[in-house]
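Please keep the sequence and the structure in view while reading.

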Amino acid sequence: MPRYDFRCRSCGATFELRRAMAQANDPAVCPQGHPDTVKLLSTVAVTGAASGGAAPRQAPSAGGGGGGCCGGGCCG
């Protein structure tokens with residue numbers, strides 16, 4: 001079940017609730033009982049290796065250019 005972060009406008013407490021996505025925008029009451037809360041924007045970071053544990057391969061350069069920022073070989 002997804003986790004949603006909220007902040008109470010009355011007391012400033014930040015808390016999380018686990019609820020179904022269908023209830024994501026339903027009102028929440030803070031642990032101290034205040035009803036004036038706002039849902040916070042959450043970010044999710046996903047890290048890890050590619051499937052199988054192997055690093056992704058890069059396609060070989062078609063024109064022999066050096067790659068880099070402009071493809072002209074001047075940057076490396």
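## The sheet

An open sheet is formed by three strands in the order 2-1-3, with antiparallel pairing; strands here are DSSP runs of E of at least two residues, numbered from the N terminus, and two strands pair if DSSP finds at least two bridges between them. Strand 2 (14-18) and strand 3 (37-39) are the edge strands, each of which pairs on one side only. On average, and with direction ignored, neighbouring strands of this sheet are turned by 35° against each other, the axes being lines fitted to C-alpha atoms and the angles running from 0 to 180 degrees between N-to-C directions.

The model is a predicted one, in which local features need pLDDT of at least 70 and side-chain atom pairs count only at pLDDT 80 or more, while totals for chains, interfaces and linings use all residues. Residues are numbered from 1 along each chain as its sequence is written, and side-chain values use heavy atoms, with hydrogens and water left out.

## Pairing along strand 1

Strand 1 and strand 2 run antiparallel and are joined by five bridges; among the pairs, tyrosine 4 has leucine 17 of strand 2 as its bridge partner, and arginine 7 has threonine 14 of strand 2. The hairpin of these two strands has five residues between them, and within this hairpin glycine 12 takes a positive phi near 85°.

Strand 1 (residues 3-8) also pairs with strand 3 in the antiparallel sense, over three bridges. Here arginine 7 stands opposite valine 38 of strand 3, and cysteine 8 stands opposite threonine 37 of strand 3.

## A network of salt bridges

Arg3, Asp5, Glu16 and Arg18 are linked in a network of salt bridges, a salt bridge being a side-chain nitrogen of Lys or Arg within 4 Å of a carboxyl oxygen of Asp or Glu; by this rule the count comes to four. The side chain of arginine 3 meets that of aspartate 5 at 3.1 Å, N to O, and that of glutamate 16 at 2.9 Å, N to O. Because arginine 3 lies in strand 1 and glutamate 16 in strand 2, the latter pair ties together parts that are 13 residues apart in sequence. Glutamate 16 also forms a salt bridge with arginine 18, where the closest N and O atoms are 4.0 Å apart.

Arginine 18 is found in strand 2, and its C-alpha atom is separated by 4.4 Å from that of arginine 3, 15 residues apart along the chain. Leaving aside neighbours within four places in sequence, arginine 18 is in contact (heavy atoms within 4.5 Å) with Met1, Pro2 and Arg3.

## Arginine 19

Arginine 19 has its place in the loop between strand 2 and strand 3. Arginine 19 is buried yet has no salt bridge, and the nearest side chain of opposite charge, that of aspartate 26, is 5.2 Å away; Lys and Arg count as positive and Asp and Glu as negative, while His and the chain ends are not counted. The backbone oxygen of aspartate 26, however, lies 2.9 Å from a polar atom of the arginine 19 side chain. Not counting residues up to four places away in sequence, arginine 19 touches Met1, Pro2, Tyr4, Phe6, Ala24, Asp26, Pro27 and Ala28.

Key: Helices (H or I, at least four residues) and strands (E, at least two) are DSSP runs, numbered from the N terminus. Buried means under 20% relative accessible area, exposed over 50%, partly exposed in between (1.4 Å probe, protein chains only). A polar contact is a pair of N or O atoms within 3.5 Å; within protein, one must be able to donate a hydrogen and the other to accept it, and residues adjacent in sequence count only if both atoms are side-chain atoms.
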